[in-house]
Amino acid sequence: MKNLKPLFLIAVVALFSACSSVRVASDYDQSADFTNYKTFAFFKPGIDKAEISDLDKKRILRAIENEMLAKGFVKSEDPSMLVSIFTTAQQRVDVYNNYGWGWGAWGPWG
């Protein structure tokens, strides 16, 4: 039974990762020298326009803030750079029809 726990955990992680279709992209001025920037803040008008739930917005902002702090930036009221987010969402539904194939209501010729 103990040998099955790691296998079960791997199966669960694989299942959830297969369902994930989140894509993340970043955009910035390629010619900018970020060594000149030491402080940051979030651009509130841009954050307010993000069309996602408040819970998701907080998660994204917390993740960005953690990464910025890890890179040595300091959150400030008088920042040298502003950070904003832009989000889009798409719902995708895949429908597969198997009319005429396999065993249907009328047998294999259905």
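Biologist: Which residues does Val 83 touch, not counting residues up to four places away in sequence?

Modeller: The model is predicted. In it, Val 83 touches Phe 40, Ala 41, Phe 42, Phe 43, Ile 47, Ile 64 and Met 68. A contact requires heavy atoms within 4.5 Å, so each of these residues has a heavy atom within that distance of one in Val 83.

Biologist: What makes Val 83 part of the largest nonpolar core?

Modeller: A core of this kind is a set of buried nonpolar residues joined through side-chain atoms within 4.5 Å. Val 83 is one of the 10 residues in the set, together with Phe 40, Phe 42, Ile 47, Ala 50, Leu 61, Met 68, Phe 73, Met 81 and Ile 85.

Biologist: Which way do the residues of strand 1 point, and are they buried or exposed?

Modeller: Strand 1 spans residues 39-42, with Thr 39 and Ala 41 pointing one way and Phe 40 and Phe 42 the other way. Each of the four is buried. Buried means under 20% relative accessible area, so Thr 39, Phe 40, Ala 41 and Phe 42 each fall below that value. In the protein, buried residues make up 15% of the 110 residues.

Biologist: How do you know that strand 1 pairs with strand 2 and with strand 3, and in what sense?

Modeller: Pairing requires at least two bridges. Strand 1 and strand 2 (residues 74-75) have 2 bridges, and strand 1 and strand 3 have 3. Both counts meet the cut-off, therefore both are pairs, and the sense is parallel in each. On the strand 2 side, Thr 39 stands opposite Val 74, and Phe 40 stands opposite Lys 75. On the strand 3 side, the bridge partner of Phe 40 is Met 81.

Biologist: Which strands are called edge strands?

Modeller: The open sheet of 3 strands has the order 2-1-3. Strand 2 and strand 3 each pair on one side only, and they are the edge strands.

Biologist: Why is Ser 26 called exposed?

Modeller: Ser 26 has a relative accessible area of 65%. The cut-off for exposed is over 50%, so Ser 26 qualifies. Ser 26 is found in the loop between helix 1 (4-19) and strand 1. From Ser 26 to Ile 85 there are 59 residues in sequence and 9.2 Å in space, C-alpha to C-alpha.

Biologist: What volume does the largest pocket have, and which lining residues are closest to its centre?

Modeller: The volume is about 1700 Å³. Of the 32 lining residues, Arg 23, Val 24, Ala 25, Ser 26 and Phe 86 are the closest to the centre. The elements giving two or more residues to the lining are helix 3 (54-70) and strand 3 (81-83). Helix 3 provides the largest share, 6 residues.

Methods:
Residues are numbered from 1 along each chain as its sequence is written. This is a predicted model: local features need pLDDT of at least 70, side-chain atom pairs count only at pLDDT 80 or more; totals for chains, interfaces and linings use all residues. Side-chain values use heavy atoms; hydrogens and water are left out. On a 1 Å grid over the protein atoms alone, a cavity is a set of points where a 1.4 Å probe fits but cannot get out, and a pocket is an open set with protein on both sides within 12 Å along at least five of seven lines; lining residues have an atom within 4 Å of a point. Grid points are joined across faces, edges and corners, and a volume is the space filled by probe spheres set on the points. Buried means under 20% relative accessible area, exposed over 50%, partly exposed in between (1.4 Å probe, protein chains only).
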